[in-house]
Amino acid sequence: LISKHLPDVTMLPSDGILREGSPIRPEPRVGGWRPEHAYLTDGARIEAAFKKHFHRAEPSQAEDSYEIIVCHANVIRYFVCRALQFPAEAWLRISLKHTSLTWLTIRPDGRVSIRGLGDAGHLK
C-alpha cells in the first residue's frame, strides 16, 4: 500500500521479527493480559527487531538517512520506550491510532528524540 506513494524508495522484504506480539509484561499490570510465555517468546523477538532496526549512523555517513518501518502498535510502543531509554514496561501506557505515524530521530551522537508520536493527521 505504501510503496505506490513512495516510488523512489527501495522496499525490503517483510521482516517476520516485526510482527505483532507482547514485548514485555506491562507495568502497571493489566488483568487478563497475555500469559508469561508470550512475553518470553514475543519479547525476545521484538527486542531483536529493535536491535536490528534502531542504531546510530555509521561515522562515515555524510547525509541524513530515513527508514520506514511498518508494524503493529505494540511493537512501535515498545520501540519508542527503548529508543528513549524509558522503562520498557511502560509500553502499554502509550496509545496509538491504527495507521498512525511515529517519527524518531537518532543523531550520530546517540541522542534520540520523538518528532511525532501516533500522528493521524493524514487520515480523513
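Trainee: Which element gives the largest share of the lining of the largest pocket?
Mentor: Keep in mind that this is a predicted model. Helix H2 (73-83), E1 and E2 are the elements that give two or more residues to this lining. The largest share is 6 residues, and the element they come from is E1.

Trainee: How many residues line the largest pocket, and what is its volume?
Mentor: Glu67, Ile68, Ile69, Thr102 and Trp103 lie nearest the centre of this pocket, and its lining counts 42 residues. As for the space inside the largest pocket, the volume is about 1,600 Å³.

Trainee: How many residues in that lining are nonpolar, polar and charged?
Mentor: Start from the 42 residues that line the largest pocket. They divide into 10 charged, 12 polar and 20 nonpolar.

Trainee: Now the second largest pocket: how much space lies in it?
Mentor: Its lining has 20 residues, with Leu12, Pro13, Ile68, Ile69 and Val70 nearest the centre. Those lining residues divide into 11 nonpolar, 5 polar and 4 charged. The space in this second largest pocket is about 620 Å³.

Trainee: Back to E1 and E2: in which sense do they pair?
Mentor: E1 covers residues 101-106 and E2 covers residues 112-119. One of the bridges joins Ile106 to Val112 in E2. Over 5 bridges, the sense of the pairing is antiparallel.

Trainee: Which residue in the turn of their hairpin has a positive phi?
Mentor: The hairpin formed by E1 and E2 has 5 residues between the strands. In that turn, the residue with a positive phi, about 95°, is Gly110.

Notes:
Residues are numbered from 1 along each chain as its sequence is written. This is a predicted model: local features need pLDDT of at least 70, side-chain atom pairs count only at pLDDT 80 or more; totals for chains, interfaces and linings use all residues. Side-chain values use heavy atoms; hydrogens and water are left out. Two strands pair if DSSP finds at least two bridges between them. Helices (H or I, at least four residues) and strands (E, at least two) are DSSP runs, numbered from the N terminus. On a 1 Å grid over the protein atoms alone, a cavity is a set of points where a 1.4 Å probe fits but cannot get out, and a pocket is an open set with protein on both sides within 12 Å along at least five of seven lines; lining residues have an atom within 4 Å of a point. Grid points are joined across faces, edges and corners, and a volume is the space filled by probe spheres set on the points. Ala, Val, Leu, Ile, Met, Phe, Trp, Tyr, Cys and Pro count as nonpolar, Asp, Glu, Lys and Arg as charged, and the others, Gly among them, as polar.
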